[in-house]
Amino acid sequence: MENLKLIALDEEDLAIFSAHLQDAVVKMVDMGFLPRLQRFALVLNRFDWDQKVVANETVRRRTGLHFERVRDVKCRGMEEGQRTGVLNLLAVTFMPGDLPSGFVYLTFSGGAEVRLEVECIEAGLRDLGPAWGCTHAPKHPEVAVPPAGVGGSAGQG
């Protein structure tokens, strides 16, 4: 598999980031806000879901993620004394404000969250090197999906 190199300029792009970053792990010390540059950056170990699907291999990749035009950063559920802790990223989402500005949320398991106040969505994601094998794949409860045409109103009317 090739290394990812993506940019996000809108909410749909962030949804793609979120899918690729689901279950990434990050050390709290590997996140930082550079106010003068208006940049928030972090380095994660992302679980490569694409590799799992294509080759049935469980691998992680070192990945850099940065957000530009960041006005402010707020953290919740992260105690300053636990800066050596590891967080599991669940989702990257956007809540619009006075468009194009709004808030980017990095939501972690256990209720931890980073909220970035952004002038607009401008972000980059890039794998930083080769993949390495991991012994455990993240597991999520399976959601029953009804067959097409069952339980919905699409195509009716």
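Of the 31 residues in the largest nonpolar core, M31, F40, F67 and F108 touch the most other members. Such a core is a set of buried Ala, Val, Leu, Ile, Met, Phe, Trp, Tyr and Cys residues joined through side-chain atoms within 4.5 Å. Buried means under 20% relative accessible area, exposed over 50%, and partly exposed in between (1.4 Å probe, protein chains only). Two or more residues each come from α1, β4 (39-47), β5 (59-67), β6 (70-76), β7 (86-96), β8 (102-108), β9 (113-118) and β10 (123-133). β7 gives the most, with four residues. Helices (H or I, at least four residues) and strands (E, at least two) are DSSP runs, numbered from the N terminus.

The model is predicted: local features need pLDDT of at least 70 and side-chain atom pairs pLDDT 80 or more, whereas totals for chains, interfaces and linings use all residues. Residues are numbered from 1 along each chain as its sequence is written, and side-chain values use heavy atoms, with hydrogens and water left out.

Contacts (heavy atoms within 4.5 Å) were listed without residues up to four places away in sequence. On this basis F108 touches V26, M31, M78, L87, N88, L89, L90, E113 and V114.

Helix α1 spans residues 11-21, and L14, F17, S18, H20 and L21 are buried in it. Seen down the axis, these buried residues fall within an arc of 165°, so they line one face of the helix. The arc is that of the directions from the helix axis to the C-beta atoms. D10 caps the N-terminal end of α1, with a side-chain oxygen 3.2 Å from the backbone nitrogen of E12. After α1 comes D23, whose phi is positive, near 75°.

Strands pair if DSSP finds at least two bridges between them. β3 (residues 31-34) and β4 run antiparallel and are joined by four bridges. L34 has R39 of β4 as its bridge partner. Four residues lie between the strands of this hairpin, where Q38 takes a positive phi near 55°. β4 and β5 also run antiparallel, through eight bridges. Here F40 is partnered by F67 of β5.

Strand β4 also holds R46. R46 is buried, with a relative accessible area of 2%. Its side chain makes a polar contact of 3.4 Å with that of T63. A polar contact is a pair of N or O atoms within 3.5 Å; within protein, one must be able to donate a hydrogen and the other to accept it, and residues adjacent in sequence count only if both atoms are side-chain atoms. Among the residues that R46 touches are H20, L21 and D127.
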